[in-house]
Amino acid sequence: MYKVLLNRYQQGQRTSKFPKEEIILPAIYRGRPQLSALEQLGETKKSTDECIKSCPFSALALDGKERPSLNLDMGKCVFCGECEKNSGGELVRFTNDFKMGADQRDKLIVTSASSTHSKKSTHGDSTNGNELNDFLQARSRELKKMFSRSLQLRQVSAGGCNACEADINVLNTPFFDLARFGIQIVASPRHADGLLVTGPVSKNMKEALLKSYHAVPAPKMVIAVGSCAIAGGPFHASDEVLGGVMQLLPVDLFIPGCPPHPLTTLFAILNYFGIL
Amino acid sequence: MNEGLLPIIPGEAIPLSKIPHLHFYDFYNEVLAQMEDGAKVVQYFAFNDPVVDRKQLLLVLRKAGMGNRLLLALAYATNEYLAFSVHHKKFHLFERELYETEGIRPIGHPSLHPVRKQIELYPFYCIHGHEVHEVGVGPVHAGVIEPGHFRFSAVGERVHLLEIQLGYQHRGVEQLLLKSATSAWPMIIEGIAGDSAVSNALCWVQAMEALANISVSRELKIVRTLAVELERLSNHVGDLGALSNDVAFLPAAAYFGRMRGEFLNLLLLLSGNRFGKGLLVPGALRFELSSESADLIRAKIDEITPEIKSVGKLLFTTPSVQSRFERIGVLQVEQAQELGVVGITARASGIDYDVRVDYPRESYSELNLPIRTQKGGDVWGRAMVRFEEILDSLGAIKTLLGMLGRIESSFLQPSHSNAFANAFAPSSVIVTLNEGWRGELSHAAVTDGAGKIIRYKIKDPSFHNWNALAQVMRESEISDFPLCNKSFNLSYCGFDL
Ligand code: SF4
């Protein structure tokens, strides 16, 4: 017992103060992408096309008739950073901002038009955070009433590579300490308020995922964690997967990343359920 | 002596024409002779040989006393043959896989149950008897882990048989690779198993470098070795935390759990991703390792080493932990030999095999790492091997950073695309072998006359080890299963592909 106490003393207090205090991730971390406005840059069509083509997962596209803009779909994107390298950071740049998440699939699309005004602000500051907070306004009050003090989630891996699963597990470690927000990952779907689904939904997991979903009592939430769960990720073209949770279940919250940083998942869940 | 079997060095491309194409009968006898002589299976799969336009079996064996050489054999495939598994359990899953994917029937194989396909029709073994009951667990488990189904036949608490049904994670990786653009390969390869993203990427880049004749600088090798060791550290430390948790020793679970995150953060410093995704491409690193980052890594290792030692001491000297770790889930050395297990599992049962020492690539020949073994083959042994390897890896990282000296940024590669500029060697075979944190990980590729990859084979160490987990559960208490399972910590997605 003495040894345990001594060790406890040596270990000290390790829990982060997030969200009360900001955490700045290293610049090399590939978080929220930022796109440059095409006309401002005077980009040639050719270099833009090249950048679009450099994406192995077709996450980049041109949009807008009279005022062309570049779109990046954070749902399809696996955050490999290839487009950033291809354009030398000119067209696409990955910031170290981990605050990502959306309650609708199309809100995951970042456009060069919309990111122009936030370009001025340095990443990670409050402007950026507030913008993101918009995504929850509508449902927030209702969800807050139900879940803000106690939220139980059941995790189902449906073809996930274990990176998303591992970084969900990490939320239970003392640094993130999920339990301090009243959130628990529970063992049975019957005790859960929702599912945290990872993986592109392999055909072999389809039935088990459906059964888990039906075992959750209503009202129930489905959270798609990671590129695979959102749109199939690197495996989207395989015949052995459905290509994302949406192919099977209604999804309430999308958390992008390959895998999402634990802070991204934490941020998105806290915001969506009004726990902050 | 090795008539018909070609000694090869892992990581060197071999033209198909240089490999003797054996008739099945000769192949069969030769393989049996090698197996009698103590050979182990590294790879065994089939492909359509572009040179002779026929289906060929490709077998890679390893054997003690051959230096850093493996044995490679090619044989014309038959529709059926007397299963190697009848005499050698090491072939069990390889032959099941061949039957499932190629329809080659190994006659007399004890159980041609599905490996990854049509698992809804899985024919479980059934033990009949008055008191026998079945317990089915999964695919969805209580914890945050991947799916797999475990079917126990038990009498009371005592397990008679455990059958493990996998395949739930099957994403068709090998087929997907063949139809994907090369630019998509890195992310697919790194997605085979996220906890082994760096090791898988390493196996793949070594294969591509050999096929495309790309040379690799010493600095690049050092950084790659560094990344693999960080991956090993994060997983080993995490496993010790999870093992502590499974015996309800929460202080160590919390400390190791947190420290695992520290290593993931160091991988993030190298690659921008906590699992090291996006770091490796053939012949290059995609991100610069700045001297500030190197200093941060060095400082973190210095800070964390005494912490790990002190928590390790706490864990391994606590009597309640000792009594739960010792003599639980015992894999005897004979069983381990017979099944051909690899990695931590093998070393905990006294088998001194470690790819980093036996087939060193990258910077391993400069590191002189010891092989850590234990005798008991129990949970204790598997935990202790991990702990000793953690201390070795911490030292290795310091050595590697020292070797790097002042950091040059000359080995930076601006983009994936440049890495594929060279054409691949036509009609060739390449086999790569590395020690991932779980054990021997191997990739193999075959190219056609135009240098296009026509078969890509991935073998996770778990492919050798899942049957061992099923074996140790026999005559064990069913309640010991979570602890045993965690002490093996095998890959579902790496197996299911
Ligand atoms: S980072 Fe995303 S958008 Fe850019 S190339 Fe990679 S997958 Fe495509």
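The largest pocket of this predicted model is lined by 46 residues, of which Asn169(A), Val144(B), Ala242(B), Asn245(B) and Lys486(B) lie nearest its centre. Its volume is about 1500 Å³. The model is predicted, local features need pLDDT of at least 70, side-chain atom pairs count only at pLDDT 80 or more, and totals for chains, interfaces and linings use all residues. Residues are numbered from 1 along each chain as its sequence is written, chains are lettered from A and ligands numbered from 1 in the order in which they are written, and side-chain values use heavy atoms, with hydrogens and water left out.

**Largest pocket**

- A pocket is an open set of points, on a 1 Å grid over the protein atoms alone, with protein on both sides within 12 Å along at least five of seven lines; lining residues have an atom within 4 Å of a point.
- Grid points are joined across faces, edges and corners, and a volume is the space filled by probe spheres set on the points.
- Two or more lining residues of the largest pocket come from each of helix 8 (163-169) and strand 7 (183-185) of chain A, and helix 6 (218-246), helix 7 (250-271) and helix 16 (481-488) of chain B.
- Helices (H or I, at least four residues) and strands (E, at least two) are DSSP runs, numbered from the N terminus.
- Helix 6 of chain B supplies the largest share of this lining, 7 residues.
- By class, the lining of the largest pocket comprises 22 nonpolar, 15 polar and 9 charged residues.
- Ala, Val, Leu, Ile, Met, Phe, Trp, Tyr, Cys and Pro count as nonpolar, Asp, Glu, Lys and Arg as charged, and the others, Gly among them, as polar.

**Cavities**

- A cavity is a set of grid points where a 1.4 Å probe fits but cannot get out; 11 cavities of 30 Å³ or more are counted by this rule.
- The largest cavity has a volume of about 140 Å³, and of its 16 lining residues the closest to its centre are Tyr29(A), Arg30(A), Cys258(A), Pro259(A) and Asn273(B).
- The lining of the largest cavity divides into 9 nonpolar, 4 polar and 3 charged residues.
- The second largest cavity holds about 110 Å³ of space; 15 residues line it, with Glu97(B), Thr101(B), Arg116(B), Glu174(B) and Gln175(B) nearest its centre.
- Helix 2 of chain B gives the most to the lining of the second largest cavity, with 4 residues.
- The lining of the second largest cavity has 5 nonpolar, 3 polar and 7 charged residues.

**Ligand shell**

- The ligand is surrounded by 13 residues (a heavy atom within 4 Å), the closest being Cys55(A), Cys77(A), Cys80(A), Gly81(A) and Cys83(A).
- This shell contains 11 nonpolar, 1 polar and 1 charged residues.

**Salt bridges**

- Over all chains the structure holds 39 salt bridges, each a side-chain nitrogen of Lys or Arg within 4 Å of a carboxyl oxygen of Asp or Glu.
- One of them joins the side chains of Arg286(B) and Glu82(A) (3.3 Å, N to O).
- This pair crosses between chains, from the loop between strand 13 (284-285) and helix 8 (291-317) of chain B to helix 4 (residues 82-86) of chain A.

**Sheet in chain A**

- An open sheet of 3 strands has the order 2-3-5, with antiparallel pairing; two strands pair if DSSP finds at least two bridges between them.
- Strand 2 (60-63) and strand 5 (109-111) are the edge strands, each pairing on one side only.
- Strand 2 is joined to strand 3 (residues 69-73) by 4 bridges, and Asp63(A) stands opposite Ser69(A) in strand 3.
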